[in-house]
Amino acid sequence: MKYLIANWKAELNSSQITEWLTTFTTLVNNDGALLNAIHSEAIKLVICPPYPYLHHVKDAIKSLPQAAMGAQSVSPKAAGKYTGEVTAEMLKHFVQYVIIGHSERRNYNGETEEMIAEELKRSYEQYLHPLLCIRGAEDTLHEHVKLIAYEPVAAIGSGQNADLASVLEMKKQLTLPTEAAFIYGGSVDAANAKMYLNSGEIDGFLVGSASTKAETFYELAKQLL
Ligand code: PGA
């Protein structure tokens with residue numbers, strides 16, 4: 001199984017999302033090989049929209065059997081008087097996956113390793129699958145995590161994807177839990193995806209920019225076939 005995870009961040013508005021969904025589902029539904037791969041979970045497709053769109057997107061991707069939903073973050077808190085927080089218990093009705101520890105949340109929202117540990121705990125309590133993002137060996141590889149995304153900060157959103165050798169070197173340096181999937185993120189697109197996949201060492205991609213346009217995401221998805 002190869003993961004293909006779309007992280008839309010805070011980029012698309014409501015009408016852009018509606019258009020994305022129509023275009024992407026039409027392209028995939030007309031592509032038997034890709035549809036089969038998603039259906040059989042040879043490609044594990046996960047779409048992570050902003051919270052307000054979860055319901056809409058979940059409904060629209062029903063035409064892609066086995067495609068999954070993910071959240072871009074989760075509160076470290078359980079239910080309580082925490083204005084603005086979105087808990088794992090709320091999210092479990094919409095998503096199976098949750099991105100945790102993305103460098104943008106660490107940088108702009110002051111997320112610490114302690115908060116990340118709580119977010120992981122809350123996710124497990126609700127049977128969500130966390131995808132833990134790390135920027136490098138300096139970030140904690142929390143216990144029990146089965147999905148790890150290595151995202152070097154310089155490669156994120158810059159168009160400068162990390163070279164394969166440095167990604168493989170990082171994989172070697174990390175003591176990954178057994179059976180953990182090692183995912184790469186940082187300017188992945190249809191032109192560079194095969195380089196990583198051909199190494200046989202990368203279990204999929206976390207994709208920002210190339211996931212925000214249905215056509216470029218579809219072209220990327222085809223590289224995983
Ligand atoms: P990018 O984003 O594909 O735009 O580099 C990846 C990410 O931040 O998850």
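The model is predicted: local features need pLDDT of at least 70, side-chain atom pairs count only at pLDDT 80 or more, and totals for chains, interfaces and linings use all residues. Residues are numbered from 1 along each chain as its sequence is written, and side-chain values use heavy atoms, with hydrogens and water left out.

**View 1**

A polar contact here is a pair of N or O atoms within 3.5 Å. A side-chain N or O atom of His102 is 2.7 Å from a ligand oxygen. Glu151 also places a polar side-chain atom 2.7 Å from an oxygen of the ligand. Gly157 uses its backbone: an N or O atom there lies 2.6 Å from a ligand oxygen. The protein covers 99% of the 280 Å² of accessible area that the ligand has on its own (Shrake-Rupley method, 1.4 Å probe).

**View 2. The largest cavity.**
A cavity is a set of points, on a 1 Å grid over the protein atoms alone, where a 1.4 Å probe fits but cannot get out; lining residues have an atom within 4 Å of a point. The count comes to 1 cavity of 30 Å³ or more. The largest cavity holds about 110 Å³ of space. The ligand sits in this cavity, with more than half of its atoms within 2 Å of the grid points. Of 14 lining residues, Gly186, Ser187, Val207, Gly208 and Ser209 lie nearest the centre.

**View 3. The largest pocket.**
A pocket is an open set with protein on both sides within 12 Å along at least five of seven lines. The largest pocket has a volume of about 270 Å³. Among its 14 lining residues, Lys9, Ala10, Gln72, Ser73 and Arg105 are closest to the centre.

Conventions: Polar contact = N/O pair within 3.5 Å; in protein donor to acceptor, adjacent residues only side chain to side chain. Points joined across faces, edges and corners; volume = space filled by probe spheres on them.
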